[in-house]
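Open the model in your viewer and keep the sequence panel beside it. The stops below say what to select and what is there.

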Amino acid sequence: MREGARRWDAPITVVLGLLLAAAAAFAVVMAMLSAFISDACVDVTCDDARLSTGLLIALIGQPVVVLGATVAVLLRKPRGRLLFPVPLLGLLGVAAFFFGGLAIAYSAVPGANLF
C-alpha cells in the first residue's frame with residue numbers, strides 16, 4: 001500500500017498514544033493512593049504478601065505496557081503496518097493491570113470491596 005494512502009494512521013496513533021500515557025499516569029497515581037486500603041488492617045489480619053503483590057502489579061504494569069506499546073509502534077512503522085491498534089491494545093493492558101492488581105490487593109483485606 002502506498003505511504004500516502006494511510007495518512008490518517010499516524011495522527012490517530014499519536015492521539016491514542018497520548019491518551020494511553022495519560023491513562024497510565026492516572027492509573028499509577030490511583031494505584032499509589034490505593035495503598036491506603038491497608039489502613040483497614042488495624043483490627044483484622046490482612047495478607048500482607050498478597051496486598052503488596054497486588055499493589056506492585058497495579059503500579060508496575062502500566063509503565064511496562066506503555067513501554068511495550070511504544071516499542072511495538074516503532075517496530076511496526078517501518079514495515080508499513082497499521083499503527084493505531086497498538087495504543088488501543090495498550091489501553092486494554094493498562095486497565096487489565098490496574099483492575100487486576102487492585103482486585104488482588106483488595107482480596108487481601110477482609111471486608112474490602114473493589115466496586
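In which hand does α1 cross α2? The crossing of α1 past α2 is left-handed. Keep in mind throughout that this is a predicted model.

**Stop 1: α1 against α2**

Select residues 9–33 for helix α1 and residues 48–76 for helix α2. The axes of the two helices lie 8 Å apart and meet at an angle of about 165 degrees. An angle over 145 degrees counts as roughly antiparallel, and α1 and α2 are therefore roughly antiparallel to each other.

Now show the side chains where they touch. On the α1 side, select T13, L20, A24, A27, V28, A31 and M32. On the α2 side, select L55, A58, L59, Q62, P63, V66, A69 and V73. Colour this α1–α2 contact by residue class: 13 of its residues are nonpolar, two are polar and none is charged.

**Stop 2: α1 by itself**

Hide everything but α1. Its 25 residues should span 36 Å at 1.5 Å a residue, and the end C-alpha atoms are 36 Å apart, so the two values agree.

Which residues of α1 are buried? They are D9, T13, L16, L20, A24, A27, V28 and A31. Bring the other helices back: α2 and α3 are among what covers these buried residues of α1.

**Stop 3**

Start with T13, which is in helix α1. T13 counts as buried because its relative accessibility is 7%, where the cut-off for buried is under 20%. Leaving out residues up to four places away in sequence, T13 touches V73, L83, F84 and P87.

Go on to A24, also a residue of helix α1. Is A24 buried or exposed? With a relative accessibility of 6%, A24 counts as buried. Beyond the residues up to four places away in sequence, A24 touches Q62, V66 and V94. For a distance check, draw a line from the C-alpha of A24 to that of A35: the two residues are eleven apart in sequence and 17 Å apart in space.

Next select V14, again in helix α1. V14 has a relative accessible area of 51% and is therefore exposed, the cut-off being over 50%. From the C-alpha of V14 to that of S107 is 37 Å, across 93 residues of sequence.

Finish with M32, which lies in helix α1 and belongs to the contact with α2. M32 counts as partly exposed because its relative accessibility is 47%. The C-alpha atoms of M32 and A58 are separated by 8.6 Å, although the two residues are 26 apart along the chain.

**Stop 4: the loop between α1 and α2**

Select S38, in the loop that joins α1 and α2. S38 is at 31% relative accessibility, so it counts as partly exposed.

**Stop 5: α3**

Select residues 85–107 for helix α3, which has 23 residues. From its first C-alpha to its last, α3 reaches 33 Å, close to the 33 Å expected at 1.5 Å a residue.

**Stop 6: α3 against α1**

Show α1 and α3 together. At what angle do α1 and α3 pack? The angle is about 10 degrees, and the axes are 9 Å apart. Angles under 35 degrees count as roughly parallel, which makes α1 roughly parallel to α3.

From α1, the contact takes in T13, L16, G17, L19, L20, A23, A24, A27, M30 and A31. From α3, it takes in P87, L88, G90, L91, V94 and F98. By class, the residues of this α1–α3 contact are 13 nonpolar, three polar and no charged.

**Stop 7: α3 against α2**

Last, show α2 with α3. Their axes are 7 Å apart, at an angle of about 170 degrees. That angle makes α2 roughly antiparallel to α3. The contact of α2 with α3 has 16 nonpolar, seven polar and two charged residues.

Key. Residues are numbered from 1 along each chain as its sequence is written. This is a predicted model: local features need pLDDT of at least 70, side-chain atom pairs count only at pLDDT 80 or more; totals for chains, interfaces and linings use all residues. Side-chain values use heavy atoms; hydrogens and water are left out. Axes are lines fitted to C-alpha atoms, for helices over the stretch in contact, and angles run from 0 to 180 degrees between N-to-C directions. Helices (H or I, at least four residues) and strands (E, at least two) are DSSP runs, numbered from the N terminus. Angles under 35 degrees count as roughly parallel, over 145 as roughly antiparallel, 65 to 115 as roughly perpendicular and the rest as oblique. A crossing is left-handed if the near helix is turned anticlockwise from the far one by less than a right angle, and right-handed if clockwise. Contact means heavy atoms within 4.5 Å. Ala, Val, Leu, Ile, Met, Phe, Trp, Tyr, Cys and Pro count as nonpolar, Asp, Glu, Lys and Arg as charged, and the others, Gly among them, as polar. The expected span of a helix is 1.5 Å times one less than its number of residues. Buried means under 20% relative accessible area, exposed over 50%, partly exposed in between (1.4 Å probe, protein chains only).
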